[in-house]
Amino acid sequence: MVDRTHRVVIEGSRIITPRLTLRPWATRDAEAALAIYGAGEVSRWLAPALDPVADVAAMQRLVDRWVAEADTLEPPQGRWAVELRETGQLVGGVSLLPLPPDEGDLEIGWQLAPNVWGRGLAAEAGHAVAHQAFESPSGIEELFAVLRPRNNRGAATARRVGMEWVGETDKYYGLRLQVYRLRKGDLDDYGPTTTLRAH
């Protein structure tokens with residue numbers, strides 16, 4: 001469950017939470033990212049489908065693509081590397097991207113290295129990106145997560161972010177997926193939060 005006294009600090013392209021720093025991907029991240037995207041237990045749940053990244057060279061190509069793509073995304077869209085604030089260790093990735101086919105809906109996606117599962121970090125990262133989206137001047141009123149059936153861990157994370165299950169669809173990625181939605185007014189319906197924008 002997300003800490004009820006959490007704080008989210010937005011500093012330009014960085015988002016800071018009590019335990020995490022979300023920052024843009026950098027080319028130096030490929031080796032650490034392989035521990036996430038090279039893990040079969042992570043890639044098997046991704047939509048669209050993605051085979052485990054085979055090696056550092058393949059991961060480098062993928063990270064380089066994310067870095068190049070960053071300038072083409074309209075805020076509040078983005079991809080962030082997730083680091084532990086205490087150690088600076090890269091432990092995951094989180095994204096806010098348009099859903100195909102019409103790209104009218106925005107999807108929060110999260111992936112964490114298996115060795116940090118079970119600590120609520122994915123929910124903390126997803127929650128922070130939701131804050132960033134809803135606090136932006138873009139007028140976004142709802143966000144989505146789409147999950148493969150039987151992805152119980154992902155479903156639990158979506159609920160901890162504050163999302164509600166709204167049904168199944170085959171609209172996205174040519175897959176049968178579970179859809180979760182978060183409305184702006186429901187982000188922190190359990191009590192007050194603090195979102196700070198650094199200047």
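Author: Before we start, a helix axis here is a line fitted to C-alpha atoms over the stretch in contact, and angles run from 0 to 180 degrees between N-to-C directions. Please keep in mind that this is a predicted model.

Reader: Happy to. Are helix H4 and helix H5 parallel, perpendicular or oblique to each other?
Author: Helix H4 covers residues 121-135 and helix H5 covers residues 152-161. Their axes come within 9 Å and cross at roughly 50 degrees. Angles of 65 to 115 degrees count as roughly perpendicular and those under 35 as roughly parallel, so H4 relative to H5 is oblique.

Reader: How many residues of the contact of H4 with H5 are charged?
Author: On the H4 side the contact uses Ala-122, Ala-123, Gly-126 and His-127, and these meet Thr-157, Arg-160 and Val-161 in H5. Three of the residues in this contact are nonpolar and three are polar, and the number that are charged is one.

Reader: Let's turn to H1 and H3. Are they parallel or perpendicular to each other?
Author: Helix H1 spans residues 30-37, and its axis comes within 9 Å of that of H3. The two axes cross at roughly 100 degrees. The range from 65 to 115 degrees counts as roughly perpendicular, and H1 and H3 are therefore roughly perpendicular.

Reader: Which residues in H3 does H1 meet?
Author: From H1, the residues taking part are Ala-30, Glu-31, Ala-33, Leu-34 and Tyr-37. The contact of H1 with H3 divides into eight nonpolar residues, one polar and one charged. The partners in H3 are Val-56, Met-59, Gln-60, Val-63 and Trp-66.

Reader: Which elements give two or more residues to the lining of the second largest pocket?
Author: This pocket has a volume of about 430 Å³. Its lining holds 21 residues, and Ser-13, Gln-77, Gly-78, Trp-80 and Gln-132 lie nearest the centre. By class, the lining has twelve nonpolar, seven polar and two charged residues. The elements giving two or more are helix H3 (56-70) and strand E4 (78-84).

Reader: Where is Pro-76, which a cis peptide bond joins to Pro-75?
Author: Most peptide bonds are trans. The bond between Pro-75 and Pro-76 is cis, with omega about 15 degrees. Pro-76 sits in the loop between H3 and E4.

Reader: What is omega for the cis peptide bond that joins Pro-100 and Pro-101?
Author: Pro-101 is in the loop between strand E5 (90-98) and strand E6 (106-112). For the cis bond from Pro-100 to Pro-101, omega is about 5 degrees.

Methods. Residues numbered from 1 in each chain as written. Predicted model: local features only at pLDDT ≥ 70, side-chain atom pairs only at ≥ 80, totals over all residues. Heavy atoms only, no water. Helix = DSSP H or I, 4+ residues; strand = E, 2+ residues; numbered from the N terminus. Parallel < 35°, antiparallel > 145°, perpendicular 65-115°, else oblique. Contact = heavy atoms within 4.5 Å. Nonpolar A, V, L, I, M, F, W, Y, C, P; charged D, E, K, R; others polar. 1 Å grid on protein atoms, 1.4 Å probe; cavity = no way out; pocket = protein on both sides within 12 Å on 5 of 7 lines; lining within 4 Å. Points joined across faces, edges and corners; volume = space filled by probe spheres on them.
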